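Have the sequence and the 3D view ready, and follow along as we go.

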Amino acid sequence: MTNTAQSLPFRKMHGAGNDFVILDSRGRDRVTTPKLAAALGDRHRGVGFDQLAELHDAGNADLALDFWNSDGTMAGACGNATRCVASMVMDETGRDALTIRTARGLLAAERRNGRVWVNMGPPLTDWDKIPLSAPQDSLHLPLDGDPVGVGMGNPHCVFITHDAEKVALEEQGARVERDPLFPERTNVEFISLLGEDHLRMRVWERGTGVTLACGSGACAAAVAAVRRGLTGPRVVLDLDGGRLEADWRDDGVWLTGPVAEVFRAELTAEFLAGL
Ligand SMILES: N[C@@H](CCC[C@H](N)C(=O)O)C(=O)O
């Protein structure tokens, strides 16, 4: 933490109930450390969030983004936070198209008919790119329930079930997140088919636990559903916190859904000094 003497402004936003603290470090040094992320992510002694997103300057893009989980670890991708920040910067600048540098690569965001879409990039299906710990066919991972492995800049393990409502999400999610098949742990999704190109999805996020929605997870679920012949490439997903849409095109998987700003506040100098 470089800025302990001063308070630090932030915003709270959410996308379909997947909630974020947004720190805007454009024009200054980045401030997030694992300790700050974990302290702020504490819903009792901090602010509480599923992810923290920190904006910063990017030479060759409109902005850059880092993502942190509430356990203080970093994530390579966060679809819902990317949508929230894109919407915020589009409102700020009046622009309808942005490029966003993330650990996953350069992502495009577009506002079409009032809805912000983000291209989360092409899915990764090779075992070493997801990554898995040994060569495997990612379409049939060697785990009970025959899940599909998908990389979206972060790892996902997608279980196709008869009824996602009936899954013991906490127990199964926690176990699969740390299965040795995933050297970097994994996000875990359970999906079931509700109708044509319409999925129910529940999610356990790596580094956070059960969340109301996960954007990269929705993209991974759509990819798994297409690869297993369940749906076409454009899919509606009903999550606990709302509805997301994923559209797998030649240039990547596009994601949209609701976004909301909840409040703006500042971290006190006392809170920061205690880290
Ligand atoms: N909520 C996210 C995913 C956040 C990162 C994830 N927990 C990880 O560690 O990979 C989303 O909307 O994509």
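## Around the ligand

Strand 4 (63–69), helix 2 (79–93) and helix 4 (215–227) each put at least two residues into the shell around the ligand. Helices (H or I, at least four residues) and strands (E, at least two) here are DSSP runs, numbered from the N terminus. What you're looking at is a predicted model, in which local features need pLDDT of at least 70, side-chain atom pairs count only at pLDDT 80 or more, and totals for chains, interfaces and linings use all residues. Residue numbers start from 1 along each chain as its sequence is written.

How many residues surround the ligand? There are 20, and the closest are Ala75, Asn80, Asn154, Gly215 and Ser216. Sorted by class, the shell has five nonpolar, 12 polar and three charged residues. Ala, Val, Leu, Ile, Met, Phe, Trp, Tyr, Cys and Pro count as nonpolar, Asp, Glu, Lys and Arg as charged, and the others, Gly among them, as polar.

## Two residues from the record

The unreviewed UniProt entry has a "binding site" annotation whose residues include Asn80, Asn154, Glu205, Gly215 and Ser216. Its positions are given in the numbering used here, feature names are shortened, and such annotations may be inferred rather than shown by experiment.

Take Asn80, which lies in helix 2. Is Asn80 buried or exposed? Asn80 counts as buried because it has 34 C-beta neighbours inside 10 Å. The rule is that a residue is buried if 20 or more other C-beta atoms lie within 10 Å of its own, exposed if 12 or fewer, and partly exposed in between, with C-beta atoms placed from the backbone. Leaving aside neighbours within four places in sequence, Asn80 is in contact (C-beta atoms, placed from the backbone, within 7 Å) with Gly15, Ala16, Asn18, Ala213, Cys214 and Gly215.

Glu205 sits in strand 12 (residues 198–205). With 27 C-beta neighbours inside 10 Å, Glu205 is buried too. Beyond four places in sequence, its contacts are Asp50, Asn187, Thr211 and Cys214.

## Two domains

The protein chain is assigned domain 1 (8–120 + 259–273) and domain 2 (148–250), with bounds that come from an automatic or database domain assignment. Their C-alpha centres lie 22 Å apart. The contact between them takes 20 residues from domain 1 and 21 residues from domain 2. On the side of domain 1 that touches domain 2, helix 2 gives the most, with three residues. The ligand shell also draws on both, with at least three residues from each domain.

Helix 2 is also the place of Met88. Met88 counts as partly exposed, because it has 19 C-beta neighbours inside 10 Å. Its C-alpha atom is separated by 8.4 Å from that of Glu261, 173 residues apart along the chain.

## The nonpolar core

In soluble globular proteins, nonpolar side chains tend to be buried together. Here, the largest nonpolar core has 77 residues, and among those with the most contacts inside it are Val158, Met201 and Ala218. A nonpolar core is a set of buried Ala, Val, Leu, Ile, Met, Phe, Trp, Tyr and Cys residues joined through C-beta atoms within 7 Å. Helix 4 gives the most to this core, with eight residues.

Technical notes: Near = placed C-beta within 6 Å. Contact = placed C-beta atoms within 7 Å.
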